[in-house]
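Colleague: I'd like to go through this one with you. Can you walk me through how you get from the atoms to the words you use?

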Amino acid sequence: MRDTRTAQPASQHIARTQAGRLQNAGASTGLVDSGARMSVRGVSKSYTTDRGVVKQVLASVSFDVAPEEFVAIVGPSGAGKTTLLRALAGLMPPTSGEVYFDGSPVTAPPERLALVFQDYSRSLMPWMTVEKNVTLPLRRKKLAKEVQKRLSSEALAAVGLGDIGTHYPWQLSGGMQQRVAIARAIAYQPDALLMDEPFASVDAQTRSDLEDLILALKKQYRMTIVVVTHDIDEAVYMSDRVIVLSGSPTSVRQVVDVALGTHRDQLVTKSLPEFVELRNTVLTAVRRPVGDPTA
Ligand SMILES: Nc1ncnc2c1ncn2[C@@H]1O[C@H](COP(=O)(O)OP(=O)(O)O)[C@@H](O)[C@H]1O
Ligand SMILES: [Mg+2]
């Protein structure tokens, strides 16, 4: 059944956002006004394999993401995390159930949403300079060339890559390439940012730098963020809420509120007894075997 609370189109919000964008395009800060609300309502997904076998991956997954909330989705490999993110992004129609973006049913990628994939080497165009890569999605917005250029240089500066616009992605380290992918998402000024295991391919130091970068960008740009990760520490460290997926087919097993405040610090936060407790709660939920009566 459709939830009327989420099915209400937030046309006022959209109008306000678009006005903000236009105004923003001429301003110097690049700040956006607010994040989007997302809702997943009873989403199921089955795939038919090459041999004609139907495999159910998601079974009635439901959750909401509030404006400017940071939600982490964790679950074992193959649980359907990427499938769920693709449904949220409007890249894949669910077999049943609905996804809403600010109250509107998602049937195609929402214009105010940006995605960062795990595999930066495939998401950046190797024949384009960094600046061209960053401005590529901006074409959809039909912004003037100078505005595109400014948004690109602001976004690159925000991720600490102020002076590499003329480089090519293959001239950069993995961590830098992922920063470019993040800059591309930021330059687009999304109201919602979805990330699929964004730091899985970088070394541990770069990973914690990028976690802090995303937290800083979230504060600066006021986006709603959904990140898929299988790193439980990362999920708790970054988010306001952790959604634990499990089972086969996959559904929401547990939702854990992360009341660690808005200021996070790699050393201080991760040493807090509350952090350790939350991490253990999430880990226990992830590890609980399928079919466990307490699941
Ligand atoms: N396009 C597809 N066709 C058939 N099966 C798929 C397809 N995409 C994913 N799957 C299967 O669905 C399951 C979940 O995949 P995925 O969403 O990528 O999981 P996760 O991201 O949690 O590792 C896997 O068993 C995978 O093989
Ligand atoms: Mg995946």
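Modeller: Happy to, and let's start with a helix on a sheet: α3 lies across β1, β2 and β4, and runs at about 125° to β1. Bear in mind that this is a predicted model.

Colleague: What makes β1 and β4 a pair?

Modeller: Two strands pair if DSSP finds at least two bridges between them. Strand β1 (residues 38–48) and strand β4 (residues 96–101) are joined by five bridges, so by the rule of at least two they pair, and they run antiparallel. In that pairing, S44 stands opposite S96 in β4.

Colleague: Which strands make up the open sheet, and in what order?

Modeller: Four strands, in the order β2-β1-β4-β5, with antiparallel pairing.

Colleague: Why do β2 and β5 stand at the edges?

Modeller: β2 (54–65) and β5 (104–105) each have a single partner strand, so one side of each is left without a neighbour in the sheet.

Colleague: Over to the ligand. Which residues surround ligand 1?

Modeller: The shell is made of Y47, T49, V57, G75, S77, G78, A79, G80, K81, T82 and T83. Helix α3 (residues 81–88) gives the most to it, with three residues.

Colleague: How does that shell divide into nonpolar, polar and charged?

Modeller: Three residues are nonpolar, seven polar and one charged. Gly counts as polar here.

Colleague: What makes β3 mostly covered?

Modeller: A residue is buried if 20 or more other C-beta atoms lie within 10 Å of its own. Five of the five residues of β3 pass that test, so β3 is mostly covered. F70, A72 and V74 point one way from the strand, V71 and I73 point the other way, and all are buried.

Colleague: Why is β9 largely enclosed?

Modeller: In strand β9 (residues 241–246), five of the six residues are buried, so the strand is largely enclosed by the rest of the structure.

Colleague: How many bridges join β3 to β9, and are the strands parallel or antiparallel?

Modeller: Four bridges join strand β3 (residues 70–74) to β9, and the two run parallel. There, V71 stands opposite R241 in β9. β3 also pairs with strand β8 (residues 224–229), in the parallel sense over five bridges, with F70 opposite I225 in β8.

Colleague: And how do β9 and β10 run, parallel or antiparallel?

Modeller: Antiparallel: six bridges join β9 to strand β10 (residues 251–257). I243 stands opposite V255 in β10. The hairpin of β9 and β10 has four residues between the strands, and G247 takes a positive phi near 90° in it.

Colleague: Which residues have the most contacts inside the largest nonpolar core?

Modeller: V74, L88, A183, L194 and V282, in a core of 78 residues. Helix α7 (residues 174–187) supplies the largest share of this core, eight residues.

Colleague: Which residues is L194 in contact with?

Modeller: Leaving aside its neighbours within four places in sequence, L194 is in contact with L85, L88, A89, L113, L115 and V226.

Colleague: Last one: what share of the contacts between residues at least 6 apart in sequence joins residues at least 24 apart?

Modeller: That share is 71%. As for the whole chain, 40% of its 295 residues count as buried, and the secondary structure comes to 11 helices and 10 strands.

Terms used. Residues are numbered from 1 along each chain as its sequence is written. Chains are lettered from A and ligands numbered from 1 in the order in which they are written. This is a predicted model: local features need pLDDT of at least 70, side-chain atom pairs count only at pLDDT 80 or more; totals for chains, interfaces and linings use all residues. A residue is near a molecule or strand if its C-beta atom, placed from the backbone, lies within 6 Å of it. A residue is buried if 20 or more other C-beta atoms lie within 10 Å of its own, exposed if 12 or fewer, and partly exposed in between; C-beta atoms are placed from the backbone. Two residues are in contact if their C-beta atoms, placed from the backbone, lie within 7 Å. Axes are lines fitted to C-alpha atoms, for helices over the stretch in contact, and angles run from 0 to 180 degrees between N-to-C directions. A nonpolar core is a set of buried Ala, Val, Leu, Ile, Met, Phe, Trp, Tyr and Cys residues joined through C-beta atoms within 7 Å.
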